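Here are my notes for you to read alongside the structure. Take your time with them, and keep the viewer open as you go.

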Amino acid sequence: MSSLGKGRNGSKVAPYLYLLPCMLVFAIFVFWPFIKTVVYSFTITDTRGNPIEFVGLENYIRQFKSPQFRNSLKLTFKFAPMVGIPTFIIGYILAALASERMRGSRIYEVMYSMPMAVASAPASVIWFMLLSSGQNGVVNWILNSEIRWLLDAKTALIAVAIVTVWLNIGANFIFLLTGFRNVPTELIESSRIDGAGYFTRLFRIMTPIATPQIFFVVFLDIVTSFQAFAQIRLLTPNGGPSYSTNVLIYSIYQSAIRDSRYETAFTQSIVLFLIILVITLIQFKTEDKVVYYQ
Amino acid sequence: MKRTVALLLALVLSVSLFSACSSSSSSASSAAPASSAASSSAPASSSSAPQTTADASAGKVKIVFWHAMGGRNGEYLDKLIAEYNASQDAVEVEGQYQGNYDDALAKLRATPEGQGPDIMQLYEIGTRWMIDNGKIRKMQDFINADNYDISDYEPNILAYYTLDGELYSMPFNCSSPVVVYNKEALEAAGLDPKTAFATMDDCLKTAEAIATKAGLPVGGSFTNYSWIFEQLVGMQEKEFVDNGNGRAGRATKTVIGENDAAINILSKWKTIAQSPYNKTFGKGTSESKQQFATGTVGFILDSCSVYVDISSAAGGKFSVGFAPLPKVNPGDTGGTSVGGGSLWIMDNGDDNRAAAAWDFIKYVTSAQEQAEWSMATGYLPIRRSALELDFYKDYLTNTNPELIVAIESLQNSKPNCAGGIMGVFPQARVIVENTIETMINDPSYTPEQAVQAIVDGINSEIEMYNRTNG
Amino acid sequence: MRWNKAKVLTVLGFIGKLLVGVLVISPILLGVSFSFMSPSELASIPPHLVPHEPVTYTYQKVLQSIPLFRFLGNSMIVCTIVIVGQILTCSLAAYAFSFFHFKGQRILFLAVLATMMIPVDSIIIANYLTISKLKLSDTYIALVAPYLTSAMGIFFMRQSFLTIPKELHEAATVDGCGHFRFWFSIVMPISKPAIASLGVYIFIQTYNQFLWPLLVTNTNNMRTVQIGMSILREAEAVDYGTVLAGAVMVLIPSVFVFIVGQKYLVKGMTAGSVKG
């Protein structure tokens with residue numbers, strides 16, 4: 001937490017006033033519906049989402065018994081690192097490449113962060129073409145392969161992960177670059193004078209100083225890779241080939257929006273929420289140890 | 001408190017409007033056949049939109065129509081609505097596009113009572129849900145009250161939307177399944193379209209001939225679309241679910257396992273899938289359609305409404321032909337049913353708005369309008385007399401001769417092949433397609449396993465549905 | 001002009017970095033190129049990277065199919081309101097979290113972060129019900145209300161505020177500067193880089209939305225571009241070049257805003273570099 005000292009002045013109400021606007025929005029549009037989600041996950045709902053019968057843990061038991069749900073769970077744990085890790089590594093490399101300001105550097109800065117400007121719908125439309133199963137697909141042409149990317153149960157998840165990584169590297173790059181650029185120029189100059197090489201500077205000075213941003217980006221990657229959704233829906237509709245891209249977040253969408261099985265959607269939402277919560281809590285346990293605040 | 005006031009207001013308003021509407025609705029229905037004359041002035045009416053408030057004060061009943069027609073079809077539907085609004089001055093319909101059927105249905109479910117549409121367009125497989133939950137008014141009640149003659153409506157189309165002798169919703173945009181083939185390729189393979197796709201086995205032979213003799217990279221694509229699977233159950237004249245195919249009462253289970261309908265289809269399908277001449281392009285029809293349009297695929301299975309799109313995408317490089325859907329077994333006696341959508345009259349507790357909705361539905365299902373709708377969209381006209389209109393005959397002979405195949409195969413079908421009704425059909429489709437996909441791609445996955453997976457999957461969905469619709 | 005080794009290396013490095021950039025944006029470039037192809041050219045083997053027989057009807061067809069400019073205008077209005085709203089609410093909240101110590105601080109902060117972990121689809125229906133009950137369907141208020149704050153924004157602003165040296169606040173306090181003035185005239189200006197990148201991020205997130213705008217709008221007058229994209233996908237499934245043309249047209253504004261935003265972002269970075 002903040003290392004800023006005690007002895008803050010100002011009234012006791014002040015901090016709450018600063019929080020009021022955001023909390024109001026959260027209360028109406030997040031907390032209240034979420035409380036409903038929790039409560040309704042212990043009920044059976046009609047197809048309009050009204051609870052009609054309290055059933056205790058039945059929904060949870062049914063879900064964990066269902067092979068479909070277990071498949072979704074497995075896919076979720078596979079997909080998140082498949083997306084999160086490459087996204088962070090590529091974003092980090094790009095930010096490191098661009099960390100030094102030089103004439104014309106803006107050109108490639110814009111290029112590296114450009115995928116961020118692309119919404120998942122147009123991105124999916126384009127990647128659908130690039131990942132075409134025939135030999136007219138650019139990816140197959142480059143790899144000289146005949147992989148049926150989006151149509152084969154073995155590759156569909158990888159294909160969707162590739163697209164998701166591409167969509168997310170821009171944001172990773174921007175935030176990490178902000179971190180690297182926060183490093184005071186004096187520090188870099190003095191390390192240059194000391195004769196430190198590029199990698200020494202990157203790992204010993206820039207990376208530690210950018211830890212707040214790195215910490216944030218890791219958090220962001222965890223949350224977004226568990227909740228990546230639009231491109232999955234657009235590239236591999238209805239759960240993908242033989243349900244091979246039916247990750248939890250997609251299954252929730254299907255249950256709530258298409259099947260109107262709200263109690264199923266609610267139960268799955270709680271499970272997904274708990275998964276993300278636990279992982280983030282673990283991450284936050286490490287905050288004080290790894291994050292360096294100036 | 002506020003609610004009561006609003007209700008009272010609505011009541012007062014509807015009473016005051018009642019006389020205006022009832023007198024004009026009869027004049028509107030008599031004006032319907034002559035509407036083609038008014039239709040030429042339609043473009044002008046669309047610019048009159050800002051006047052609606054003035055119109056409303058003059059006593060028009062305003063109703064809202066939720067539909068799922070985007071793009072070209074949506075554009076034509078807007079035109080149709082404008083024509084209707086211009087043709088009479090008692091009713092003002094506002095068309096609102098709500099995304100595809102799934103999106104529109106999701107939205108309808110979440111909309112509080114009284115704030116939904118007056119007319120709802122929905123896919124055929126939403127029928128049971130609408131009856132159970134939709135707060136709808138039966139179409140049959142309007143037909144009876146109005147003494148409306150529906151003998152001209154194609155019975156094999158009405159059959160789908162008829163449960164226990166009563167019509168629940170009015171078919172509007174109808175399509176039927178066909179084999180869509182590449183004419184030049186079939187010719188080069190030396191085959192006759194009348195026999196080439198007679199049975200599923202014939203389809204495989206045809207795929208082989210097209211690949212080897214006509215040299216197309218893909219002989220054929222037996223499209224993995226659950227609608228086709230359902231139609232193939234009907235081709236065998238077998239039922240999909242119990243309780244009279246879900247029409248005498250709510251279905252409690254699927255019977256395609258015990259009546260062998262599924263295994264007959266899937267064992268042949270497995271053979272087709274294992275052939276190097278057949279290639280399946282994912283689930284549904286969107287990619288197979290695209291691939292076919294490039295001229296590299298001999299045939300696909302799809303809805304007859306794709307003709308215009310595929311022909312124009314083919315850009316004259318080849319011509320598109322239709323053939324009736326294949327039989328599963330050579331001796332099959334069944335036939336095909338319809339897909340597409342129908343119009344529902346929603347119950348918003350207001351007789352005037354319901355009456356206005358009925359008037360609009362009569363208008364858009366007139367022979368004239370259905371013929372024009374068919375020409376604009378590729379859907380089938382639901383009126384028999386539409387087929388006798390000169391301009392439509394011209395269209396069938398000169399522009400879209402293949403549509404006749406679809407019309408005839410529907411006419412040759414039987415009402416008892418209309419297909420099953422259940423509340424979980426959207427889910428069932430996903431189960432069927434995913435299972436068939438696994439069977440196609442996994443050599444060790446047998447048709448028997450596939451049947452079991454489909455039956456179990458659908459039954460557990462039905463069980464949950466019935467539990468929550470006590 | 002003498003070329004020493006370091007200079008050559010710098011130039012080579014620059015070219016290398018540009019090439020990496022081209023690789024990163026290659027899907028966009030290919031998308032643009034594909035949008036000028038007919039279905040049969042899109043199917044050519046091996047794939048054409050640039051159109052051999054370019055067509056432009058695809059773009060006309062997009063404009064015939066959907067009222068794209070109306071959708072774009074709506075998206076821009078919604079994005080603007082959401083960006084301004086979020087930057088205000090988020091930076092206020094972030095200020096409370098980083099410059100105050102108060103009861104329940106940690107819990108509240110965790111509650112904020114927890115909102116990011118809630119799967120959106122489960123609460124979107126409930127929110128739609130709220131909007132319908134308030135009779136706000138088909139209004140800009142409905143489109144923006146749930147998004148006037150975000151955990152992401154609060155978290156990011158907090159991370160940025162935490163890098164502000166404590167001495168700065170102490171000095172300000174000594175000078176008699178109250179919290180609100182300190183927030184407004186010191187914290188916000190030196191956080192420009194963070195605000196700029198957050199703004200760009202919010203823009204993309206908001207521009208990207210599909211399900212929510214679809215639920216709360218009823219008429220084309222209020223719809224946003226991603227809905228247009230989906231209409232196009234459903235209506236023009238066979239003519240994929242047209243769908244691609246739609247994708248490109250949807251991309252142009254966001255890429256444009258992004259390039260402009262990037263400029264301010266870099267400017268802000270220079271101005272706001274905090275001396276340690």
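The points below go through the chains, their contacts and the nonpolar cores.

1. A word on confidence comes before anything else. This is a predicted model, so please look at the confidence values as you read. Chain B has a mean pLDDT of 86, with 87% of its residues at 70 or more. Be careful with residues 1–57 of chain B, though, where the pLDDT is below 50. In the model this stretch still has 54 contacts beyond near neighbours in sequence.

2. Now turn to chain C. How many helices and strands does chain C have? The count is 14 helices and 0 strands, and the pattern along the sequence is accordingly written α-α-α-α-α-α-α-α-α-α-α-α-α-α. The radius of gyration of chain C is 24 Å, while the globule rule gives 19 Å for 276 residues, so chain C is more spread out than a compact globule. Along the principal axes, its C-alpha atoms fill a box of roughly 75 × 70 × 25 Å.

3. Of its 276 residues, 53% are buried. Among its contacts with a separation of 6 or more, 77% join residues 24 or more positions apart.

4. One residue of chain C makes a handy example. C:Ile77 sits in helix α4 (residues 68–99) of chain C. Is C:Ile77 buried or partly exposed? C:Ile77 has 15 C-beta neighbours inside 10 Å, so it counts as partly exposed; a buried residue would need 20 or more. C:Val200 is 123 residues away from C:Ile77 along the chain, and their C-alpha atoms are 15 Å apart.

5. Next, look at where chain A meets chain C. Here 82 residues of chain A are in contact with 86 residues of chain C. Helix α1 (residues 14–40) gives the most to chain A's side, with 15 residues. By class, that side of chain A has 57 nonpolar, 19 polar and 6 charged residues.

6. Chain C also touches chain B, through 24 residues from chain C and 24 residues from chain B. On the chain C side, α2 (39–42), α6 (120–133), α12 (211–216) and α13 (225–235) each supply at least two residues. This side of chain C divides into 13 nonpolar, 7 polar and 4 charged residues.

7. Chain B is assigned two domains: domain 1 (12–175 + 339–399) and domain 2 (177–336 + 424–468). Between them, 11 residues of domain 1 are in contact with 13 residues of domain 2. The domain 1 side has 4 nonpolar, 4 polar and 3 charged residues.

8. Helix α16 (residues 286–293) of chain B deserves a visit. Why is α16 of chain B described as largely enclosed by the rest of the structure? The reason is that 7 of its 8 residues are buried, including B:Glu287, B:Lys289 and B:Phe292. After α16(B) comes B:Gly295, with a positive phi near 85°.

9. Finally, find the largest nonpolar core, which has 315 residues. A:Leu176, B:Ile119 and C:Leu244 are among the members that touch the most others. Helix α7 (residues 156–181) of chain A provides the largest share, 17 residues. Both domains of chain B give residues to this core, so it lies between them. Leaving aside neighbours within four places in sequence, B:Ile119 is in contact with residues including B:Ile63, B:Trp344 and B:Phe360. A second, separate core has 5 residues, among them B:Ala367 and B:Met375.

Conventions: Residues are numbered from 1 along each chain as its sequence is written. Chains are lettered from A and ligands numbered from 1 in the order in which they are written. This is a predicted model: local features need pLDDT of at least 70, side-chain atom pairs count only at pLDDT 80 or more; totals for chains, interfaces and linings use all residues. Helices (H or I, at least four residues) and strands (E, at least two) are DSSP runs, numbered from the N terminus. The radius of gyration is taken over C-alpha atoms; the globule rule is 2.2 Å times the number of residues to the power 0.38. A residue is buried if 20 or more other C-beta atoms lie within 10 Å of its own, exposed if 12 or fewer, and partly exposed in between; C-beta atoms are placed from the backbone. Two residues are in contact if their C-beta atoms, placed from the backbone, lie within 7 Å. Domain bounds come from an automatic or database domain assignment. Ala, Val, Leu, Ile, Met, Phe, Trp, Tyr, Cys and Pro count as nonpolar, Asp, Glu, Lys and Arg as charged, and the others, Gly among them, as polar. pLDDT is the predictor's confidence in each residue, from 0 to 100. A nonpolar core is a set of buried Ala, Val, Leu, Ile, Met, Phe, Trp, Tyr and Cys residues joined through C-beta atoms within 7 Å.
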